[in-house]
Amino acid sequence: MQTIDKFNFAGEKAFVRVDFNVPLDEQFNITDDTRIRAAVPTLKKILKDGGSVIIGSHLGRPKGVDGKYSLQHILPRVSELLGVKVEFASDCLGQEAVEKSAVLKPGQALLLENLRFYAAEEGKPRDLADDAPEETVKAAKKAEKANQKDMAQQLASYATVYVNDAFGTAHRAHASTAIIADFFDTGHKLFGYLMQNEIDAVEKVLRDTAHPFTAIMGGSKVSSKIEIIENLLTKVDNLIIAGGMTYTFTKALGGKIGESIVEDDKLDLALSLIQKAKDNNVNLVLAVDAKIADSFSNDAKTQFVPVDAIPDGWQGLDIGPETEKQFAGVIEASKTILWNGPTGVFEFENFTSGSRAVGNAIVKATDKGAFSLVGGGDSVACVNKFGIADKMSYVSTGGGALLEFIEGKELPGIKAIRGY
Ligand code: AMP
């Protein structure tokens, strides 16, 4: 497989799939440009080599052409970050895109309009009535798959090489993230730096693991983390359960959880995960105390109690000090650490202590040589909020893609390039 470092882009036209799905405010100003900056090293390397780039991305979830989701909004920022005036094609598939990509010279860049203005990008029919007959649904699905292939072929025709740097959409088999790769030979499709770094980080954690390996799984619900927890139970030495899902485990074990968040239909699952941890010799670390509140609010009255003795009318919104100590002890003795999900409602300042304690323990372990990977939406927001992101070994840009990768699933965007 080709790697971006070794590939010389001189004279090549690269179609680069990036994830420029950045948040915009009501005036269409970018409120966080992290995702654009993340793709800059790849784009700059191609331009510096003497190649040209055709940049493709989605923005939001448009249902068709919709100015609200136009990539025109981010064009000035992309030009600024790349240090070249980036051209724009107002339709990713039209004649304009064909012509503008054809005349690109070495060192020049073209940004295509939102790929998701076409249903073919995702390969799924839109606007199908809920009560459409099965035959109609089948036919529409088949037609959209054919459109998807055509779209991929058209996008591929602009370029001589395909580069995927959109880790955030690697779990989707879309026209520009996976299908397009079929139109390039193995020597002309490769990962960008961001994608490669993400893959390396996950593989360092899951394949070349230094032990002890500790995963901290937080967040609100166990139901959204079942598969990842099950996969981790075959890999980790310690599994720390934190956040809202704590109380499903506590209740399953017979504890009193007051009004804490709970999934009553997952009590058996919690017990089976506890058993699975025992069977696999995994040290499952559950909270012993909680910071409880008399309402779901930053200004609620609070107290610390044992996690299994939460009075009626109160709910656990973070771990307590004893749990902080126990978690920190396990984390600081680890050589590989994966953190997904806060220990409490970290959006409320008064319930950030547990997540801070976990973050600080990871910083200490990382300083001592451990490899730490933080990923999945809210834990990234946590490390940013606490100002410790640069003290982690790697902070992933992927949400769903990262979780599916850790669950052990094949990601279409990765498979399309390296074959697995
Ligand atoms: P997730 O997206 O599953 O990682 O969940 C993150 C969310 O879980 C954050 O918005 C937290 O506020 C929430 N969360 C964490 N702990 C609790 C808790 N004890 N009660 C309610 N929500 C929680």
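A polar side-chain atom of K225 lies 3.1 Å from an oxygen atom of the ligand. The model is predicted. Its chain is assigned two stretches, domain 1 (13–197) and domain 2 (209–406). The ligand sits in the second largest pocket.

**Ligand shell**
- The ligand is surrounded by 13 residues.
- S220, K225, G316, E347 and D378 are the closest of these.
- By class, the shell holds 6 polar, 4 nonpolar and 3 charged residues.

**Polar contacts and burial**
- K225 uses its side chain: one polar atom there is 3.1 Å from a ligand oxygen.
- On its own, the ligand would expose 500 Å². The protein buries 81% of that area.

**Domain layout**
- Domain 1 covers 13–197 in the assignment.
- Domain 2 covers 209–406. The closest ligand neighbours, S220, K225, G316, E347 and D378, carry numbers inside that range.
- The C-alpha centres of the two domains are 36 Å apart.
- Across the boundary, 7 residues of domain 1 are in contact with 9 residues of domain 2.

Methods. Residues are numbered from 1 along each chain as its sequence is written. This is a predicted model: local features need pLDDT of at least 70, side-chain atom pairs count only at pLDDT 80 or more; totals for chains, interfaces and linings use all residues. Side-chain values use heavy atoms; hydrogens and water are left out. A residue is near a molecule or strand if one of its heavy atoms lies within 4 Å of it. A polar contact is a pair of N or O atoms within 3.5 Å; within protein, one must be able to donate a hydrogen and the other to accept it, and residues adjacent in sequence count only if both atoms are side-chain atoms. Accessible areas come from the Shrake-Rupley method with a 1.4 Å probe; for residues, only the protein chains shown count as cover. On a 1 Å grid over the protein atoms alone, a cavity is a set of points where a 1.4 Å probe fits but cannot get out, and a pocket is an open set with protein on both sides within 12 Å along at least five of seven lines; lining residues have an atom within 4 Å of a point. A molecule sits in a cavity or pocket if more than half of its atoms lie within 2 Å of its grid points. Ala, Val, Leu, Ile, Met, Phe, Trp, Tyr, Cys and Pro count as nonpolar, Asp, Glu, Lys and Arg as charged, and the others, Gly among them, as polar. Domain bounds come from an automatic or database domain assignment. Contact means heavy atoms within 4.5 Å.
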